[in-house]
Every structure is written in C-alpha cells, then in structure tokens.
Amino acid sequence: MFRRKSGSRIALTLSLVLASSLAFETVTYATTAEKSVDYNLPSENVSQPIYDYEDSIKQTVYVETALDSDRDGELDLIAADIIRPKETQNGLLVPVIMDASPYYERLGRGNESEIKDPDGDGINEKFPLFYDNYFVPRGYAIVQVDMVGTNNSEGCPTTGGYEETEGIKAVIDWLNGRTNAWNKDGQEVSADWSTGKVGMIGKSYDGTLANGVAATGVEGLETIVPIAAISSWYDYYRYGGITFYNGGPSYLSRVVTDSESVEECAPIREELADGADDESGDYNSFWDERNFVKDAMNIKASVFVVHGLNDYNVKANHFSNWWEELSRHNVPRKLWLTQTGHVDPFDFRREEWVNTLHRWFDYWLLDMDNGIMDEPMVDIERVADEWETYSSWPDTDSEPVKIRFGHEDGELPGILTTGPVKGNHSQSFTDDPNQTNNEMVEDEFTNKDNRLIFLSPELTNTIRISGVPGLDIRAKIGENDTNLTALIVDYGADTRVNHRSRGEGIQTLDEENCWGQSSNVDKACYKVTEKTTHEAPYEIVTHGWLDVQNWRSLGSTDLLKPGKSYRFQWDTLPEDYVFKPGHRIGIIIAGSDDRWTIPEENNANIEVSLGQSHVILPIVGGKKSIEF
C-alpha cells in the first residue's frame, strides 16, 4: 500500500502495512473542551518555563495522506518530527506550534541555516530555530513537518500546488485524531498528548505553507504566523504579466526535493514548467490553484502577518493582498511591517518579537486572556529600530489622491500637480532594456532619453502614504508589446535602513544571546544582529511593472496596434512611507526593468499624454495634506 524510502527512513514492509491497515480500529478522541488540561497558569498571565527541556520527548511520525504526488501508485507519507514535555507521557495535554518546511534537509532555517541532521548520521537530533528551546518548557509541543517530497517525506514537491498544502493538513488531521500515523518501526502512533490546537509559523516557504493550509479552513488550526510569506505564487514569479525569471516553479521544486528522489520527480518538474507558461506570463489555472488569496473566506485561524516593506524576494504585495482579504472577512489579525528586506523578526526586533510571539501563542493556543488583541493592530518601523503603532492598515485616514503629470517647468523635466494640466502636451522616451534602476532615478533635474520624471516642489510639510499607489497612463507605443515600469522616489538626503545590502538591512555579529533552554545537541543561543544604515541622496520607495499586452487582463494576451492610444492601469507595490519636509516626491516612468524582470528587447518608443495620465497616491489626510 505504501512505498518506503531506503536508508535511515521508515522501513515498514508492505505486508506489515497491509496487515495493520486492515486491523486498525477507529479511535475516538475527546473534544478539546472535554480534555482535562492543566497549564499551571501563573499570576503574570503568561506561560512559564516549568517543564525540563533536557528531558523532553522526541519522536518522528509518518502521517497517512490521500496523495500520490510522485505518481508511483502508492500513497505518500509525511514525516513530522515532534518534541514535547516529558509530562505528556503521564496525561499532560499540550497544544502544538508547527513549522512545516521544505528546507530541513539542506539550505536550512534561520539566519544560521540550521538543519535537522547537521552531522549527517541519519538521526534528526536538531530542531532548527528557537521555538523548541523556548516553548517546550512553557507547555507546548513543537512539530516540524517535512513538506511533501522533501527530506523524510515521500512524494514530489509541486511548488505551491495542492499536494503541498494537503500534506501539511494531514498532520493537523492526525493531531486531531482524524487520520493515522506510524513510527519508523511500523507501529501505529496517536497524538493522545495533543489538545488538538495548532499554530503554524514560518518564514518564506514555511509561512507560505501556513497561508495555504489556513485557506483550507482545516479544523484545529487556531492561528498562523506567516513571515515574509507568499499569498499567491503567480505574484511570486510574475508582476503585471511580466515574468521575473523563467523556469521558477520547476527550478525551486528541484532545489527542495529530497536528495534521493530528484530523478524520479523529474516528470513532475516538467509538468510544472508546462503549467507555468513562462512564454506568455499570463495568469491561468496553474496559478489559480496556487492562489490562496481567493480562498481567504475559508480561514478560521487568526493571522499574525510579518513582512518587509523592502522585501524584493517575497514582495510586499503578498502581505497587502492577503491582508485586504483578511480584513474583508473579519479575520482576527495583527501586522508588523519593517524597513528591512527578506528578514525574520528574530533578527530585526528580537526581544520584542519573542515576547509578542509568546503572548500571541498563549492567547490563541492556551486561551490566556493577556490583552494582546486589545493592543494596536499594526506596528510599522519608520527608521532603523523606531516603531509606531496604528489601529489598522492602510491608515484609516488614508485617501486616494490623483496627482497629474505636467510638462517641464524651469529646472524640472516634469512636474506633479493636483491641479489640471492644460493643453495637449506629451513626452516620449525609448525603452532601454539595459537601463538600471539607478540610471532611471539619478540626475533628477536632467531630461533623459530612456525615462520620464515628474517631481513635486520641495515639500513644506510631512506627507505620509499608506496603502497601494496606482498608475493610470494614456500612451502610444511604437511596437506591439513592451514593458512599463513605475518608480516612486523620495529625493532628499537621509539616513535610511540599507535594505539593499547583503543582509537586507541587518548584519550578524559574533556575540550570542539565548532564548530558552539548551541541551547538549540543541542550543538556545543565536548570534546577535543589528540594523545597517547608510546615508543616501534618495530612496526608491516602491516599484510597479506592467506588460502592456496584458492591458485588458492578466489572464489574456492582447498585442497592441503600434501608434494607437491605449490606457494602461497598474498598481505599484504597497507602501507605508513618510516624505519629510525639504524633500521631493518623484515619479519615474520607464520601460523594461532589468534589475527585477525579464526585459523586452524591442526598444519601443513610448509617448505619454500628460493631461490624461496620473498617479494615485494613498495619502494620509487626503488632498488637503498636499500643497502642490
């Protein structure tokens, strides 16, 4: 019935599995409310480290699924490594914090790239990250699940496909008594130590799995904490119909596939390459399957979102699109936005993060009324390590303001104005597929052949944008296809988080600090990090891109008629940004962006009609906050 991998992996014989599957009896579990759970809650109303980490129980289970993701005719088993307090052997019931990941065999988790089996002896003695060291002593179990087709789980990865979500969902089902699991010796094991309450957490792919599982509405998943996580895989590999790079889903599938299964999963990767349709860049059924945003109405869990406003790996539209749907469906939620890139909060706000995460899990998994849901919903980092709190995002006072593009005026090649633009003025540029972002932005008072620039006057007051800016451009294109790029720029010297540095806004120091209890094989100590800043004359606040042949829809390609006037509308990435007095707001319109996307090579000429083109900025306080 089940195929087993060789080596140190589970070694059930076919006959044993068949015999035991026929002999299984239905196991009836009490509901969570019926279980006698004593968490020894302290007067401080926060769980305390009263259990010994050194004596905790470690086990690996292999959970039954209905999947056959490698098409071998046998159902996949999903491997999960568990660590829980010793007292769970004697009736203590605990909730679960789960980090499901494709990275436990290699690549690793966290700033120090921890894996489960660092010495390669076939024994998973290590639980990556600090969650086990900190939360097991406080009465939680930690469950680290190998995503389908990775590490010790069977099958093949499908890069955001149904199989990846269902494999993790099966483990939650097992924790609630709804499916079966075995140990490496083929003995059935039950999660009779579990309250059935599960919280999922993880950065990047791990957080993406949490989003996907939550969108199924699975019973028992009480909360998720997606950090820098994907909410729609189309948006990870595409923007406005433009492909960031070719072969993405199939390449990533190969990277994470269990090292013993790379060759046998090759046919699955071919299917991924075909389904992704790099040639058109269009949204199709392949991408729709991998879009969790459309299923947000199913979510029953609370959601604590953490994202970098300057994350250009998992770009910020992943959090904003997800957040908008969470709000629409009244999902209990919390949000942190940082000025760093693709960075974990353990590395950009460590002490506050551990304390907040502790209270979050206590509230949602231990039913501790600690007031965390009465606090401001949103934390936003303004400058390095300086945070402000808000009741919602976007800001409740944010209003869309139409700012038009005007022709050159004195030293300005083009102006921004909230007033009318009289006359039939136009400006043209030629797409240069080799033009860099710096070349698009620098020399702001100079006309350039390969970009248009529109500048505000020097600001006399602070202007804050909060939300998703949008472009509305009327233009004639000299070819039947090209790419359009929009940049919003803050022109003004300032000290800013250096999110384009190698550490994406942080650097790692030699000293360590410790979070929880350690053992001889799993330390709770991690290297300290600090923010990196730099003095810069400008900041690219946000980007937005459009393949003009997707001017009607992301789901269809419509080639242009050269020289005909078209209306092009697209959004930039979301932002929450403060422009200071004395600075200028700049809007850049250019063609291909070789830094982030595959450029168009036809060097198209683009003529923009100024009076019919504008940007919409989500300005806190609305139009009355602008003086131009």
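Me: Is K197 buried or exposed?
Reply: K197 counts as buried, because its relative accessibility is 12%. Buried means under 20% relative accessible area, exposed means over 50%, and partly exposed is in between (1.4 Å probe, protein chains only). Keep in mind that this is a predicted model, where local features need pLDDT of at least 70, side-chain atom pairs count only at pLDDT 80 or more, and totals for chains, interfaces and linings use all residues. Residues are numbered from 1 along each chain as its sequence is written, and side-chain values use heavy atoms, with hydrogens and water left out.

Me: What do the side chains of K197 and D367 meet in?
Reply: Side chains of opposite charge can pair when their charged atoms come close. The rule for a salt bridge is a side-chain nitrogen of Lys or Arg within 4 Å of a carboxyl oxygen of Asp or Glu. Here K197 and D367 form one, at 2.7 Å from N to O. K197 sits in strand β6 and D367 in the loop between α11 and β12, so the pair ties together parts 170 residues apart in sequence. (Helices are DSSP runs of H or I with at least four residues, strands are E runs with at least two, numbered from the N terminus.) D367 counts as exposed, at 56%.

Me: Which residue forms a salt bridge with R382?
Reply: That's D576, with the closest N and O atoms 2.5 Å apart. D576 is in strand β25 and R382 in strand β12, 194 residues apart. Both D576 and R382 are buried. They also belong to a salt-bridge network with E388, D395 and R464.

Me: How many salt bridges are there by this rule?
Reply: The count comes to 34.
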